[in-house]
Amino acid sequence: MEVIMDNKILFGVMCIIFNSIGVPCFMQGQTKTGVLRIVLAIITFGIVGVINEIMGIILGIKVLTMSDEEYEAKKGNISMGIPGGNTL
């Protein structure tokens, strides 16, 4: 699966705005994790979605403040939330 995250600013903003529904996972080619985030948000009546959104804000800020070289090295393996683990 193709990784669609060439633009660091776009990826950071998507983490901040849409992490609760798994958009950053889909951008990295982690479709299973993205779908699981959506399902967990629905099953838990949004509780996991709120947690993921808070973690997405933190992740987005980290992505936006990291250097271009560091972003290139970690591209495709940046995740924070439930499920997904903390690999940043």
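Modeller: Among contacts in the chain between residues at least 6 apart in sequence, 60% join residues at least 24 apart. Please keep in mind that this is a predicted model.

Biologist: Let's take one pair. How do you describe the way two packed helices sit together?

Modeller: By the angle between their axes and the distance between those axes. For helix α1 (residues 8–18) and helix α4 (residues 47–65), the angle is about 165 degrees and the axes are 6 Å apart.

Biologist: And why is α1 called roughly antiparallel to α4?

Modeller: Angles over 145 degrees count as roughly antiparallel. The angle here is about 165 degrees, and that makes α1 roughly antiparallel to α4. The crossing of α1 past α4 is left-handed.

Biologist: Which residues make the contact?

Modeller: From α1 come Lys8, Ile9, Phe11, Gly12, Cys15, Ile16, Ile17 and Phe18. Helix α4 contributes Glu53, Gly56, Ile57, Leu59, Gly60, Ile61, Val63 and Leu64.

Biologist: What kinds of residues are these, nonpolar, polar or charged?

Modeller: The contact of α1 with α4 has eleven nonpolar, three polar and two charged residues. Gly counts as polar in this scheme, and Gly12, Gly56 and Gly60 are among the residues of the contact.

Biologist: Now to Asn52, which is found in helix α4. How do you know whether Asn52 is buried or exposed?

Modeller: Buried means under 20% relative accessible area. Asn52 has a relative accessible area of 0%, so Asn52 is buried.

Biologist: What is Asn52 in contact with, leaving aside its neighbours within four places in sequence?

Modeller: Asn52 is in contact with Asn19, Ser20, Arg37, Gly81 and Ile82.

Biologist: Which share of the chain is buried?

Modeller: Buried residues make up 34% of the 88 residues. As for the surface, the chain exposes about 4,900 Å², and carbon and sulfur atoms supply 71% of it.

Biologist: One more residue, then. Where does Phe45 lie, and is it buried or exposed?

Modeller: Phe45 lies in the loop between α3 (31–43) and α4. Exposed means over 50% relative accessible area. Phe45 has 80%, so Phe45 is exposed.

Biologist: What makes the phi of Phe45 worth a look?

Modeller: Phi of Phe45 is near 55 degrees, which is a positive value in a residue other than glycine.

Definitions and conventions:
Residues are numbered from 1 along each chain as its sequence is written. This is a predicted model: local features need pLDDT of at least 70, side-chain atom pairs count only at pLDDT 80 or more; totals for chains, interfaces and linings use all residues. Side-chain values use heavy atoms; hydrogens and water are left out. Axes are lines fitted to C-alpha atoms, for helices over the stretch in contact, and angles run from 0 to 180 degrees between N-to-C directions. Helices (H or I, at least four residues) and strands (E, at least two) are DSSP runs, numbered from the N terminus. Angles under 35 degrees count as roughly parallel, over 145 as roughly antiparallel, 65 to 115 as roughly perpendicular and the rest as oblique. A crossing is left-handed if the near helix is turned anticlockwise from the far one by less than a right angle, and right-handed if clockwise. Contact means heavy atoms within 4.5 Å. Buried means under 20% relative accessible area, exposed over 50%, partly exposed in between (1.4 Å probe, protein chains only). Accessible areas come from the Shrake-Rupley method with a 1.4 Å probe; for residues, only the protein chains shown count as cover.
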